[in-house]
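Trainee: I would like to learn how to read pockets and helix packing in a model. Where do we start?

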Amino acid sequence: METIDSAKAARVWQKVQANIPQPNREQGLPELLTQQWNDAATYLRLSRLFQGRQNALLRRLFEEEQAQTACIKGIYTLLTGNRPKIAATPVPQEPPELILRKCYGREMRCLAQYEQRSSDPEYGPVFARLAVQKRDHCRMILELLGNMK
């Protein structure tokens, strides 16, 4: 019976793995970054229109969106070796209720992205934590909408 050369087997295995296409894990992250950045700007602008509890909720949303943006930027940088470029857009001049309704939809879409990415072998726990925050953001937006006069 032949013995297996472990060094040769390791080299062969390395070649096999190198030929397996790796998933494009950074795909979609620039769009998420832009969305996070724009949502943060939206919450900051809306916070200036309200007082009390509503202002506090919007400020919290703003701060957490900024922190989420930083996390995604960090992941993108580690995956690609490059700093991402964010294409900010101006906050629309619409009634606050309409803006919040649109924000809710974006938060739900972002939540779905984070939940999908929570199985990532390296960054899954981070995406899972971001998904928990997104669920809380949805709750806060509904609270804001429910308390509008």
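Mentor: With the pocket. Note that this model is predicted. Rolling a probe the size of a water molecule over the atoms shows where empty space is left. Here the largest pocket is lined by Asn24, Arg25, Gln27, Ile75, Leu79, Gln113, Gln116, Arg117, Ser119, Asp120, Tyr123 and Phe127.

Trainee: How much space lies in the largest pocket?

Mentor: About 160 Å³.

Trainee: Which helix supplies the largest share of the lining?

Mentor: Helix 4, with 3 residues. Helix 4 spans 96–117, and both helix 3 and helix 4 give at least two residues to the lining.

Trainee: How do the lining residues divide into nonpolar, polar and charged?

Mentor: There are 4 nonpolar, 5 polar and 3 charged residues.

Trainee: Now the helices. How is a packed pair described?

Mentor: Two packed helices are described by the angle between their axes and the distance between the axes. Take helix 2 (residues 29–47) and helix 3 (residues 52–80): their axes come within 8 Å and cross at roughly 160°. That angle makes helix 2 roughly antiparallel to helix 3, since angles over 145 degrees count as such. The crossing of helix 2 past helix 3 is left-handed. Residues in this contact comprise 15 nonpolar, 6 polar and 4 charged.

Trainee: Is Thr80 buried, partly exposed or exposed?

Mentor: Thr80 belongs to helix 3. Its relative accessible area is 25%, so Thr80 is partly exposed. Buried would need under 20%. Compare sequence with space, too: Thr80 and Arg25 are 55 residues apart in sequence, while their C-alpha atoms are 9.4 Å apart. Arg25 is also one of the residues lining the largest pocket.

Technical notes
Residues are numbered from 1 along each chain as its sequence is written. This is a predicted model: local features need pLDDT of at least 70, side-chain atom pairs count only at pLDDT 80 or more; totals for chains, interfaces and linings use all residues. Side-chain values use heavy atoms; hydrogens and water are left out. Axes are lines fitted to C-alpha atoms, for helices over the stretch in contact, and angles run from 0 to 180 degrees between N-to-C directions. Helices (H or I, at least four residues) and strands (E, at least two) are DSSP runs, numbered from the N terminus. Angles under 35 degrees count as roughly parallel, over 145 as roughly antiparallel, 65 to 115 as roughly perpendicular and the rest as oblique. A crossing is left-handed if the near helix is turned anticlockwise from the far one by less than a right angle, and right-handed if clockwise. Ala, Val, Leu, Ile, Met, Phe, Trp, Tyr, Cys and Pro count as nonpolar, Asp, Glu, Lys and Arg as charged, and the others, Gly among them, as polar. On a 1 Å grid over the protein atoms alone, a cavity is a set of points where a 1.4 Å probe fits but cannot get out, and a pocket is an open set with protein on both sides within 12 Å along at least five of seven lines; lining residues have an atom within 4 Å of a point. Grid points are joined across faces, edges and corners, and a volume is the space filled by probe spheres set on the points. Buried means under 20% relative accessible area, exposed over 50%, partly exposed in between (1.4 Å probe, protein chains only).
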